[in-house]
Every structure is written in C-alpha cells, then in structure tokens.
Amino acid sequence: MNDAPPLCPDAAIDSLGWQPFFAAQLTADDTGMTPVRIAVVHRARLLAETGATGGGEQLRLAHLGGTSDYAVGDWVLMDPETRSAVRRLNRRTLLRRRTESAHIPQLIAANVDTLFIVTSCNDDFNVARLERYLALANEAGTNPVIVLTKVDQVADAEIFRAQAGALQRDLAVVTLNAKAPDAAKTLAPWCGPGQTVALVGSSGVGKSTLLNTLAAKAPDAQQPTGDIRAQDAKGRHTTTARSLHAIQGGGWVIDTPGMRTLHVSDVADGLDILFAEITELAPDCRFRDCTHAHEPGCAVQKAVASGRLSPDRLDRWRKLNDENVANTPVRTGARGNKSDAAKPRKR
Ligand SMILES: Nc1nc2c(ncn2[C@@H]2O[C@H](COP(=O)(O)OP(=O)(O)OP(=O)(O)O)[C@@H](O)[C@H]2O)c(=O)[nH]1
Ligand SMILES: [Zn+2]
C-alpha cells in the first residue's frame with residue numbers, strides 16, 4: 001500500500017447514503033473504481049444505483065460464486081470499464097435472520113439507518129412479535145421506529161401507541177394512515193437526504209402502501225399493494241423481493257416481503273438493549289448465573305414482586321432468550337472467536 005490519496009468519489013453519491021465510514025475503507029488501490037449501491041439482488045446478477053445519473057446499473061460479478069454475499073443497501077466498488085463488482089465494502093449495519101431450514105443467516109438489508117417496524121391497529125398488533133423485530137433492529141445497529149398503520153380504522157389509537165412505546169427505552173412510535181399523503185410527512189424526520197430506511201412487518205400491514213407514498217416514482221412503476229392482489233387473486237404475499245427505492249425529496253427506502261414468523265437467533269446484544277431493565281438488574285442477583293426463575297436473592301424476581309417489572313414481560317424475555325440460545329450456533333476455537341456470531345448468554 002502506498003501513501004497516495006484515497007479515491008475521492010463524486011459528491012452526488014452523498015445523497016445515496018455514502019458516509020465517512022465507507023470512505024475510510026478506500027485505499028490507493030481503489031483509485032478509478034466507482035462506489036455504487038446495491039438496489040436489487042437477483043440470483044445471478046446485481047442491480048445498483050450509481051447516484052450520478054440517478055439511474056440503475058446492471059453489475060457483472062467479478063468472481064464466480066453468485067450473489068449470496070450481497071444485500072440490498074450494500075456499497076460495492078465497481079470497475080467502470082468492465083461494469084463488474086470488484087469489492088464489497090464493510091457494512092455499517094446489517095439486518096439478517098436465520099430461517100428454520102437455513103444454516104447461514106439470510107441477509108435482509110445492509111446499511112439501514114432506521115428500521116420502520118410496521119404493524120396495524122388491529123389483530124396484527126402483538127407486543128411479543130414487535131419485540132422480535134426490535135431485537136433484530138438492535139442487533140443490526142439500526143434505529144427502530146414502530147409505525148402503526150390503519151389508524152383511520154380505529155376510534156382510538158392511543159392504546160396501541162402506549163403499548164408499543166413501553167417496549168423499549170426511548171423508542172419512537174408513530175401512528176398514521178398509510179394511504180394518506182401526509183404519511184410521508186410523519187415519517188420525514190427519518191427520511192432526509194442520504195438516510196436509508198427499511199420497512200419490515202407482517203403481510204398486509206401496509207408496507208407497500210407506505211413505500212408508494214414515500215417513493216419518488218410514477219404511479220405506473222409502483223409496488224402492487226394488497227388491493228391489486230385481491231383483484232387478480234394471485235399469491236399470498238404481494239411483495240416478493242427486496243429492493244431499494246428513492247424517497248421523494250430525500251433518502252432511500254428498502255421494502256421487504258411480509259414475514260410470517262420471525263425466529264430469533266444471533267441477537268444476544270439486541271435482547272440486552274430491548275430488555276434493558278432486566279439486563280441492568282441481573283448484576284444485583286445473588287448468583288452470577290441466575291436464571292431469574294427460582295433462585296433466592298434474585299433482583300429480577302424482586303422487581304416482579306414489587307410491581308416494578310411485569311411478569312408478562314419477564315416471560316417474554318425468557319422465551320426469546322431461550323429461543324435465541326437454542327437457535328444460535330456455538331462456535332469454538334480461534335475461528336469461532338473471531339466470528340461475529342452471537343454467543344449464547346448466561347442468564
Ligand atoms: N384504511 C387503511 N388501509 C390501509 C392502510 N395501510 C394499508 N392499507 C390497506 O391494506 C392492504 C394491504 O396493504 P399492503 O401495502 O399491500 O400491505 P404489505 O404490508 O405491503 O403486504 P405484503 O406486500 O404482503 O407484505 C391494502 O388493501 C392497503 O390499501 C391504512 O393505514 N389504512
Ligand atoms: Zn436473578
């Protein structure tokens with residue numbers, strides 16, 4: 001490596017979400033390369049946003065091995081002559097989940113600043129499921145915001161808002177009608193230039209509707225929503241692929257297909273943040289490996305007895321924690337120590 005100044009990319013990419021974190025990874029060897037952002041990941045090809053023209057670019061893969069290591073939102077250095085992806089830059093944040101059958105976590109989205117966890121003010125609303133998404137967001141390093149849709153269909157959304165707001169310290173919660181144009185204004189604080197948001201939630205809660213409200217694109221290019229799906233009665237899920245879309249007057253939004261069930265794994269740190277009130281009590285327990293179930297001198301049980309901690313919340317913590325330990329592979333040896341996989345935590 002020599003001391004030549006690193007590549008100075010075009011200022012236009014700032015609006016694509018380029019940050020000093022990515023610039024710091026460039027070396028003199030990267031001179032002449034163009035940073036681009038992955039917009040769509042197909043099995044054998046990648047589509048990227050270049051920022052300069054605002055247009056999409058089809059990327060060739062420089063190496064054999066497919067696209068499984070790429071996520072929507074990734075920054076990649078492209079060779080402008082061959083149009084091939086030369087190097088993927090390290091991620092600032094990474095949302096991923098392990099499906100029941102998969103050994104390797106599935107990548108949901110990379111370099112997301114804010115995760116909009118979408119649920120509606122109806123039967124979809126479920127605090128235990130919201131906690132799963134919060135653990136995922138915390139672990140990824142993204143800022144979670146609970147977005148309660150279909151506020152136009154209930155007399156009073158306050159009860160939903162209050163329950164959601166109690167799930168994690170300093171958690172932002174917004175209520176809106178996803179079909180109303182002012183929904184974009186409600187979400188604007190997180191959607192400024194260069195900001196990246198992602199939408200997650202069950203099928204039918206209004207993610208595609210929100211995407212269409214936020215996105216700066218013509219109506220004929222819009223994401224089909226449940227309304228349209230109902231007409232042609234095809235498929236269970238309206239949204240089938242993840243993709244990056246420009247937000248009107250600002251940042252970028254990543255849509256994700258509705259998730260039926262979200263199993264937790266590799267989220268020990270995310271759970272510690274979510275359940276901070278329990279995490280902080282644990283050092284006061286008499287036993288270092290207290291399970292907060294039956295031990296004498298348990299500070300967590302004491303908090304339940306005095307009414308400071310709800311027994312339901314403690315039950316949900318226990319269930320998620322046990323599931324996380326069961327689903328997170330234990331790696332041993334030097335390689336395992338270097339891995340970013342979460343280790344099972346003692347309780
Ligand atoms: N009244 C009302 N209807 C809504 C609201 N948000 C979504 N809808 C409707 O709910 C249905 C489902 O919305 P979608 O946007 O397709 O839901 P989705 O989350 O994208 O679903 P998947 O693509 O299956 O993951 C559609 O008929 C929307 O028009 C809302 O805030 N108020
Ligand atoms: Zn205890």
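**Exercise 1.** How many bridges join S4 to strand S5 (residues 84-88), and do these strands run parallel or antiparallel?

*Solution.* This is a predicted model, in which local features need pLDDT of at least 70, side-chain atom pairs count only at pLDDT 80 or more, and totals for chains, interfaces and linings use all residues. Residues are numbered from 1 along each chain as its sequence is written, while chains are lettered from A and ligands numbered from 1 in the order in which they are written. Strands are DSSP runs of E with at least two residues, helices are runs of H or I with at least four, and both are numbered from the N terminus; two strands pair if DSSP finds at least two bridges between them. S4 and S5 are joined by four bridges and run antiparallel, with Asp 79 opposite Ser 84 of S5. In their hairpin, which has four residues between the strands, Arg 83 takes a positive phi near 60 degrees.

**Exercise 2.** Describe the pairing of S4 with S1, and the surroundings of S4.

*Solution.* S1 and S4 run antiparallel and are joined by four bridges; Arg 37 has Trp 75 in S4 as its bridge partner. A residue is buried if 20 or more other C-beta atoms, placed from the backbone, lie within 10 Å of its own, exposed if 12 or fewer, and partly exposed in between. Because four of the five residues of S4 (residues 75-79) are buried, this strand is largely enclosed by the rest of the structure.

**Exercise 3.** Why does Cys 290 count as buried?

*Solution.* Cys 290 lies in the loop between helix H8 (276-281) and helix H9 (299-305), and it counts as buried because it has 22 C-beta neighbours inside 10 Å.
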